[in-house]
Amino acid sequence: MSSLTAAVTVEVPATPEFVQVLRHVAAGLAARVDMPIDLIEEVRLAVTEASSILLDQAEASALRMRIRRDDDSIEVTLSSDATVEPWPTEHALASWPWLVVKGLTDELRAEPGNDGQATIGFRKQRERVAR
């Protein structure tokens, strides 16, 4: 399988009903890395929970998701267009959704994006099967 050199970026309105669009895009790209169905579902859930953290922080008009994939993992970065300072907040890092995303992913980070916008990123590795 060849590597994807460009990132896929999706922007949706910052409302819970549009998180489903982000979930489907992430799952589709996870499937392209040949992740097993249980890991694809973990990616979907991680996107849902990370989105809920962002929606809980400040009133935003848009959520953005950027995904890069390689032969054995995907890297997802979610952000909103709302300014959240300081970011990450203690509330966000202590929240149940944060713990869920942390448990489902191989790498997790929260960092300020452009202009103080909240950004959450995670990596999900495809499990290697021993032969």
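Let's start with Ser80, which sits in strand 3. Strands here are DSSP runs of E, at least two residues long, numbered from the N terminus. A word on the model: it is predicted, so local features need pLDDT of at least 70 and side-chain atom pairs pLDDT 80 or more, while totals for chains, interfaces and linings use all residues. Residues are numbered from 1 along each chain as its sequence is written, and side-chain values use heavy atoms, with hydrogens and water left out.

Back to Ser80. Is Ser80 buried or exposed? Buried, because its relative accessibility is 1%. Buried means under 20% relative accessible area, exposed over 50%, and partly exposed in between, with a 1.4 Å probe and protein chains only. Ser80 touches several residues, including Leu54, Arg64 and Gln117, leaving aside residues up to four places away in sequence. Touching means heavy atoms within 4.5 Å. A polar atom of the Ser80 side chain also lies 3.3 Å from the backbone nitrogen of Ala82.

Now the neighbouring pairings. Strand 3 covers residues 73-83 and runs antiparallel to strand 5, with eight bridges joining them. Strands pair if DSSP finds at least two bridges between them. Ser73 has Gln125 as its bridge partner in strand 5.

Strand 4, residues 107-112, is also antiparallel to strand 5, through six bridges.

What about strand 5 itself? Seven of its nine residues are buried, so strand 5 is largely enclosed by the rest of the structure.

Last, Glu127, in the segment after strand 5. Glu127 is exposed, at 53% relative accessible area.

Definitions and conventions. Helix = DSSP H or I, 4+ residues; strand = E, 2+ residues; numbered from the N terminus. Polar contact = N/O pair within 3.5 Å; in protein donor to acceptor, adjacent residues only side chain to side chain.
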